[in-house]
Amino acid sequence: MGARIRALDWSQTQLGPVDAWPQSLITAVNIMLGSRFPMMVHWGPELVHFYNDGYATILQGKHPGALGQPAEPWWREMWPFLLGIFRPVLAGETTYFENGLVLPNRQGFVEEAYFTFSHSPIYDESGQVGGIFVTALETTATVLQQRRLALLSHLMAQTAGSVLPVEAAQHIIASLGTDAEDIPFALLYAHEPGATHAQLRAWFGLPAGEPAAPAAIAISLAEPNPSDWPLAEALRLGEPLLVERLPERFQPWPPGTWPTPPTRALLLPLLVAPGSRTAAVLVVGLSARRPLDEAYRAFFALVADYAGRALARATTIHEAQRLNQALRQVNSSLDSFVHIVAHDLKGPANNLTSLLEAYHEEAPGAARDHLMALVESEVQRLTGTIQGLLHLLYTQHGAAATLPETVALADVYATVRGEVTDLLSQQQGQLTADFSAAPTVHYPRIYLESILKNLVSNALKYRTPKRAPVVEVRSRRQGTDVVLTVTDNGRGIDLPRDRERLFQPFTRLTAEGEGAGLGLHMIQSIVQQRGGSLEVSSTPGAGTVFAVRLPEIAA
């Protein structure tokens, strides 16, 4: 700057040639040039600029043109502010400001900047104030860093206790709202697996539902709407995406914290959880008063990291709570299972022990043969209970691998009728079938047999003692589905009282009869896994109708 000052033709400036300058000005300029602190000298009524190398870096785009020029119009964007400083100094006062906000236009836009500076009078040979000494240190980086660290600390504190993902989203946005100078607005969108749209979960600074903050944004379109936020592109890239010219993209466009509204935004994809298909994008507005420099980008990288961790933590906690609830339900069912199975297995086991002891004590003959028949009956009872449990496990864990086939319902009925013949004969019951309306269905045969056998067996087991059981099996078409109905004249079910428990596993509505209470639960599992349904209607004392809707599975 010393070389520039010597090279400048000062005769063309308001101060005139150097040899006409007062000694006080020359002394002040030499002091300024000899200082390693950023310094400036304003001299004369027009406050002509002199500055050293340190101050040249502060001036940025105003250097070197400001040298030898009056303060106004070079500082027109902040002239009222500067006049408030210059006037008391020209009156003989010294001023000092620490981390003061200044809004210079040094890079083609009015920016947010902070300085610690001192202004002191320079006296000329007449004893009057002839100029101003300015010593300045720019503290913008320090002030912004402190402010941004405060936001990050707030974000960590507010999201530490979040339990539900929706709560975490609200806390994230609330934290970002504490620094509207750096983030004039923010929108948090979440995209769930299989959904066609991302949903707005939390926001500030923009009115939700307006074009700039729609409640939902299509995520799977081949050609996204140019008036929407490009969330799909941000998720595909997996890195921050800059969106510019916001007032042109979204109309109307609201103002921000500063008089000049934000015109740019960053879309920040968030890592919700490792391996999770749930995606989230944080849309953050950029200050109209700051450049998107390395420090600003690093700040947003931390925001995305902290926000992603908060959502991941909330998602993990929520999933753990859901699994714990499911585990508690399983444990409750397991308790019932252990109680019922222990009862159902203990009886046959004790009976077998007693019968075997009696068999060994009994001499060969009719009595001994009768004991062996009883042993065989108990073995069948025990085997039936175990087979029922194995069938349930297979239904729940191996069903997906079973392929459908075109099955004649009459063939399935014949198989089931053969298995219940003895029970039907013992009860002098009647079992009929009519499949004329829908003779076949494309479905896994093994499940059709299980469904029909369980429903028919239940109808026979839970008959009313007042009359012989009558069971009717029918089929019909309902659109593209086949509906299989089993009607009985048994004791019936009090549905207002027992409907909720009817299909629960390991649950029996009566102490009479045998079994672990698995049949109806198993049927419901089979049909629901394939998009079907199991409905029941009943009148206590009159009978029950079970209707199984079977969507035909394509080959």
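Mentor: Contact means heavy atoms within 4.5 Å. Keep that cut-off in mind. This model is predicted.

Trainee: Which strands does helix H6 lie across?

Mentor: H6, residues 140-159, lies across S3, S4 and S5. Contact requires heavy atoms within 4.5 Å. H6 runs at about 145° to S4. Angles here go from 0 to 180 degrees between N-to-C directions.

Trainee: What makes S2-S1-S5-S4-S3 an open sheet, and how is it paired?

Mentor: Five strands form this sheet in that order, with antiparallel pairing. The edge strands are S2 (48-51) and S3 (95-102), and each pairs on one side only. Neighbouring strands are turned by 25° against each other on average, direction ignored.

Trainee: How do you know that S3 and S4 pair?

Mentor: Pairing takes at least two bridges. S3 and S4 (residues 113-123) are joined by six. They therefore count as paired. They run antiparallel. Phe97 stands opposite Phe117 in S4.

Trainee: Which strands does helix H2 touch?

Mentor: H2 (residues 23-34) packs on the sheet and touches S1 (39-43), S2, S4 and S5 (129-138). Its direction makes about 165° with that of S1.

Trainee: Now the other sheet. What is its strand order?

Mentor: The order is S13-S15-S16-S18-S17. It is an open sheet of five strands, and the pairing is mixed.

Trainee: Why are S13 and S17 called edge strands?

Mentor: S13 (430-434) and S17 (533-539) each have a single partner strand, so one side of each has no neighbour in the sheet. Neighbouring strands are turned by 15° against each other on average, direction ignored.

Trainee: How do you know that S15 and S16 pair?

Mentor: Count the bridges. At least two are needed, and S15 (residues 470-478) has eight to S16 (residues 481-488). So the two strands pair, and they run antiparallel. Arg476 stands opposite Val483 in S16.

Trainee: Which strands do helices H12 and H14 lie across?

Mentor: H12 (residues 409-419) lies across S13, S15 and S16, at about 170° to S13. H14 (residues 445-461) lies across S13, S15, S16 and S18 (543-551), at about 175° to S18.

Trainee: What share of the chain is called buried?

Mentor: Buried means under 20% relative accessible area. Of the 555 residues, 42% are buried.

Trainee: How many helices and strands does the chain have?

Mentor: There are 16 helices and 18 strands. Among contacts with a separation of 6 or more, 60% link residues 24 or more positions apart.

Note on methods. Residues numbered from 1 in each chain as written. Predicted model: local features only at pLDDT ≥ 70, side-chain atom pairs only at ≥ 80, totals over all residues. Heavy atoms only, no water. Helix = DSSP H or I, 4+ residues; strand = E, 2+ residues; numbered from the N terminus. Buried < 20%, exposed > 50% of the residue type's maximum accessible area, 1.4 Å probe, protein only.
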